[in-house]
Amino acid sequence: MGGTLEYLSGLLGGSGGHGHGKMKRRKQLQTVELKVRMDCEGCELKVRSALSSMKGVESVEINRKQQKVTVVGFVEASKVLKKAQSTGKKSEIWPYVPYSLVSQPYVAGTYDKRAPPGYVRSAEPGYVLATTGQQQQQQQVGRPHDHLTDMFNDENPNSCSVM
């Protein structure tokens with residue numbers, strides 16, 4: 001229904017040949033997760049009020065125990081990050097993924113003892129996190145040593161069997 005209304009309004013009063021110029025492209029609704037260092041309720045209130053005042057923000061959820069801020073709205077991640085940093089708090093894009101998405105959670109670049117329970121760093125070498133809507137999946141990117149280990153893999157039908 002919303003698409004129909006936009007189409008009709010575009011025909012009647014929008015850029016339908018009346019010289020109004022180009023239509024503005026609307027931002028998509030997205031969820032931005034940040035890690036923000038907060039120690040007390042005052043810190044939490046300061047961050048919440050700063051992020052809530054941004055244009056396009058629908059909701060702000062804060063989990064002080066995990067130091068996680070979730071912002072939902074028609075906003076850009078970089079602008080949300082800058083606004084959070086403007087409060088004087090140390091802020092970064094949420095660097096963790098659920099433990100179950102990582103094939104080797106205790107690899108040196110992945111394991112982080114400061115991560116919340118059930119999470120590890122998302123910087124696993126050779127893997128990228130693909131986000132589609134509310135689902136997150138990890139896709140493997142070719143690593144240089146993969147073809148060497150697959151050469152002796154029992155599951156590879158073309159593997160070498162030296163036994």
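A disulfide is a pair of cysteine sulfur atoms within 2.5 Å. With that cut-off in hand, let's walk through this model, which is a predicted one. It holds zero disulfides. Cysteine 40 is in no disulfide, and its nearest cysteine sulfur, that of cysteine 43, is 3.5 Å away. Since the limit is 2.5 Å, a separation of 3.5 Å leaves cysteine 43 in no disulfide either.

Next, have a look at strand 3, which covers residues 68–73. Strand 3 is mostly covered, as five of its six residues are buried. On one side of the pairing, six bridges join strand 1 to strand 3, and these two run antiparallel. Strand 2 is likewise joined to strand 3 by six bridges, again in antiparallel fashion. If you want individual pairs to click on, lysine 35 stands opposite lysine 68 of strand 3, and valine 60 has valine 71 in strand 3 as its bridge partner. Strand 2 and strand 3 form a hairpin with four residues between the strands, and there glutamine 67 takes a positive phi near 60°.

Threonine 70 is found in strand 3 and counts as buried, at 16% relative accessibility. What is threonine 70 in contact with, leaving aside its neighbours within four places in sequence? The list is Thr31, Val32, Glu33, Ser59, Val60 and Glu61.

Now for the charged residues. Side chains of opposite charge can pair when their charged atoms come close. How many salt bridges does the model have? The count comes to five. One of them is formed by lysine 68 and glutamate 33, with the closest N and O atoms 3.4 Å apart. Lysine 68 is buried, with a relative accessible area of 12%, whereas glutamate 33 is partly exposed at 26%.

Another salt bridge links arginine 48 with glutamate 44, where the closest N and O atoms are 3.3 Å apart. Both residues lie in helix 2 (residues 41–52), four residues apart, which is about one turn of the helix. Arginine 48 counts as partly exposed at 28% relative accessibility, and glutamate 44 counts as buried at 18%.

Glutamate 44 has a further partner: it forms a salt bridge with arginine 64, the closest N and O atoms being 3.4 Å apart. Arginine 64 counts as partly exposed, at 30% relative accessibility. Through shared partners, these salt bridges join Glu44, Arg48 and Arg64 into one network.

How values were computed:
Residues are numbered from 1 along each chain as its sequence is written. This is a predicted model: local features need pLDDT of at least 70, side-chain atom pairs count only at pLDDT 80 or more; totals for chains, interfaces and linings use all residues. Side-chain values use heavy atoms; hydrogens and water are left out. A salt bridge is a side-chain nitrogen of Lys or Arg within 4 Å of a carboxyl oxygen of Asp or Glu. Buried means under 20% relative accessible area, exposed over 50%, partly exposed in between (1.4 Å probe, protein chains only). Contact means heavy atoms within 4.5 Å. Two strands pair if DSSP finds at least two bridges between them.
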